[in-house]
Amino acid sequence: MSIFSSLIVLLETFSHKVPLELFTLVGSIIEEVVAPIPSPFVMALAGSLAGAQGQPLWYLGFLSLFGALGKTLGAWVLYIIADKLEDIVIVKIGKFVGVTHKEIENIGKRLNGGWRDNVFLLIARAIPVIPSAPISIACGIIKINRKTFLTSTFIGTYIRNMLYLYLGYAGLGNYKQITSGFEGVESIGQFLLFGIVALIIALSYYKRKHHEK
């Protein structure tokens with residue numbers, strides 16, 4: 001059994017020993033930081049358990065708050081790590097690929113403060129097929145505004161959580177089926193997301209070279 005499979009088993013055991021609110025909070029932090037854990041896992045499991053306990057439908061909104069808080073905390077950890085690693089990596093290898101530390105930061109500045117940036121990031125967080133961890137890492141690399149990052153992450157994740165919770169709660173397949181159903185689609189979303197970040201960096205490099213001529 002792999003370390004990630006063992007961690008999932010531990011989370012399953014944990015979910016039966018603590019209140020669901022605590023499970024969704026702690027589980028969501030772990031799920032965000034440990035990217036190989038499928039993103040629907042914690043919420044779909046929590047929804048299934050809420051249904052088995054006979055909890056009312058409104059209770060899912062309550063659980064979603066704890067899950068959104070946990071995801072946001074986990075996302076903030078990834079943001080900080082990506083921010084610090086970018087400082088180190090770009091300084092060392094940037095001259096070989098033609099991208100400077102300042103240019104990376106300028107990309108983030110272009111995405112700061114406007115309502116369009118908030119809406120874009122919120123929607124990206126809310127769409128189930130787009131994996132969450134790569135968004136956090138990408139935002140840390142380009143140093144997107146922290147208030148924009150945290151607010152959009154919390155609201156978008158809350159919406160996303162409600163979908164996963166309801167799927168588990170309504171019994172539209174058990175949580176393992178729900179998780180496996182999203183894995184392949186998330187891989188496509190992850191590829192597209194990194195492609196967008198690479199395109200932004202490439203365009204920044206092209207514009208700099210164009211101005212130098």
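A salt bridge is here a side-chain nitrogen of Lys or Arg within 4 Å of a carboxyl oxygen of Asp or Glu; a search of the whole structure, a predicted model, finds five.

**Figure 1. Salt-bridge network of E31, E32, K71 and R125.** The side chains of K71 and E32 meet at 3.2 Å, N to O. K71 belongs to helix α4 (residues 59-97) and E32 to helix α2 (residues 20-33), so this pair ties together parts 39 residues apart in sequence. E32 also bridges to R125, with the closest N and O atoms 4.0 Å apart. Because R125 lies in helix α6 (residues 115-126), that pair ties together parts 93 residues apart in sequence. K71 and E32 are both buried, and R125 counts as buried at 1% relative accessibility.

**Figure 2. Salt bridge between D83 and R146.** The closest N and O atoms are 3.9 Å apart. The pair links helix α4, which holds D83, to helix α8, which holds R146, across 63 residues. D83 is buried at 7% relative accessibility, whereas R146 is partly exposed at 46%.

**Figure 3. Helix α8 and its ends.** N145 caps the N-terminal end, a side-chain oxygen lying 3.0 Å from the backbone nitrogen of K147. Just after α8, G171 has a positive phi of about 70°.

Figure 4. T153 is buried, with a relative accessible area of 1%. Leaving aside neighbours within four places in sequence, T153 contacts T72, A75, R125 and T148. Other buried residues of α8 include F149, S152 and G156.

Definitions and conventions:
Residues numbered from 1 in each chain as written. Predicted model: local features only at pLDDT ≥ 70, side-chain atom pairs only at ≥ 80, totals over all residues. Heavy atoms only, no water. Buried < 20%, exposed > 50% of the residue type's maximum accessible area, 1.4 Å probe, protein only. Contact = heavy atoms within 4.5 Å. Helix = DSSP H or I, 4+ residues; strand = E, 2+ residues; numbered from the N terminus. Expected span 1.5 Å × (residues − 1). Polar contact = N/O pair within 3.5 Å; in protein donor to acceptor, adjacent residues only side chain to side chain.
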